[in-house]
Each structure stands twice: as C-alpha cells, then as structure tokens.
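Q: Can you walk me through this one? I have the sequence and the fold open.
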Amino acid sequence: MSMPIENAVIAERSILCTISSLPIILSGLGVGILYYAAPLSTPKILNAIKAGLVAAFFLEVVKSVILIYIQFFPLYELIYGTTSMILLFMLWVYLSWMIILFGGCYCFVIERHNKQHNNQNNQKIHTTGEQNV
C-alpha cells in the first residue's frame, strides 16, 4: 500500500522540480536565440543555447540576491524613500546587461574554441596522412 503513495510523492516532486526550473529553461532558450540571431557570424545553435542557459542561471541568481536585499536590508528605503526603488531598478538593469554581455562573450569563446579544436584535428589528420604516404 505504501508503494502507490511513494510513487505519487515522487511524481509530485518531479513535477514541482520541472515547474520550478521552467523559468530558467525558457529564459535560457530566449537568450540563446538572441545569441544565435544577433551576431553577424552566426554561431552554432547548441553553443548559443549553452551560453543562454549560463546567462539565464546568473540572471536568476542576481534576481534572487536583489529580492533578498530588498527584503532584509531596507537601508536604501530609509535614506532615499520611494526613490530607492528607482535606484535598485537601475542596479538590476545594469547587472542584467552585464550578465547578457558576459553570456555573449561566453558564446564567442565556446564557438572559437570549437573551431580551433576542429582545425587542430584536421591538421593532425592531414599530417598523419602525409606521413603514411
């Protein structure tokens, strides 16, 4: 009798885990599409999505840190009043764009590393082919 209950609990936990990770996955896909479509030389879609998921993870971290700061450190509100929300919003926009730019750089580095790795493999194939001839 305990097996169906345990299976139901496991299914509920997996559904909750999937639902809680959905914002990161969707924003990662969205940012990954941005990294794929925006540059002049388009990277591979897989590299763009990898960079998008990294950027989305850091965006969620920054969002959580700012929410914790707003909840537990009301110092800005005591000093600046309602203007403090404008300052925190500007800080959030700044940090978000820093993460977006970091993700774009990360996408470039992944793409360049893959191209160099492929070129080195091609050179090894050509050199071993010449030695055998």
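What follows is a short chat about this model.

Q: What should I know before reading the numbers?
A: The model is predicted: local features need pLDDT of at least 70, side-chain atom pairs count only at pLDDT 80 or more, and totals for chains, interfaces and linings use all residues. Residues are numbered from 1 along each chain as its sequence is written, and side-chain values use heavy atoms, with hydrogens and water left out.

Q: How many helices and strands are there in the protein chain?
A: Four helices and zero strands. Both are DSSP runs numbered from the N terminus, helices being H or I with at least four residues and strands E with at least two.

Q: What share of the residues is buried?
A: Buried residues make up 17% of the 133 in the protein chain. Buried means under 20% relative accessible area, exposed over 50%, and partly exposed in between (1.4 Å probe, protein chains only).

Q: Which residues form the largest nonpolar core?
A: There are 10: Val-31, Tyr-35, Ala-48, Ala-51, Ala-55, Val-62, Ile-66, Ile-99, Ile-100 and Cys-107. Such a core is a set of buried Ala, Val, Leu, Ile, Met, Phe, Trp, Tyr and Cys residues joined through side-chain atoms within 4.5 Å.

Q: Which element gives the largest share?
A: H2, with five residues.

Q: What does Cys-107 touch?
A: Leaving aside neighbours within four places in sequence, Cys-107 is in contact with Tyr-35, Pro-43, Asn-47, Ala-48 and Ala-51. Contact means heavy atoms within 4.5 Å.

Q: What span should H2 have?
A: H2 covers residues 45-72, and its 28 residues should span 40 Å. The expected span is 1.5 Å times one less than the number of residues. The end C-alpha atoms are 40 Å apart, which agrees.

Q: Switching topic. How many aromatic pairs are there?
A: Five. Rings of Phe, Tyr and Trp (its six-membered ring) pair if their centres lie within 6.5 Å; planes under 30 degrees apart count as stacked, over 60 as edge-to-face and the rest as tilted.

Q: How do Phe-58 and Phe-102 pair?
A: Their ring centres are 6.1 Å apart and their planes at 80 degrees, so the pair is edge-to-face. Phe-58 lies in helix H2 and Phe-102 in helix H4, so the pair ties together parts 44 residues apart in sequence.

Q: What about Phe-102 and Tyr-106?
A: That pair is stacked, at 6.4 Å centre to centre with 20 degrees between the planes. Phe-102 and Tyr-106 are four residues apart in helix H4, about one helical turn.

Q: Which residues make up the ring cluster?
A: Phe-57, Phe-58, Phe-102 and Tyr-106, linked by ring pairs.
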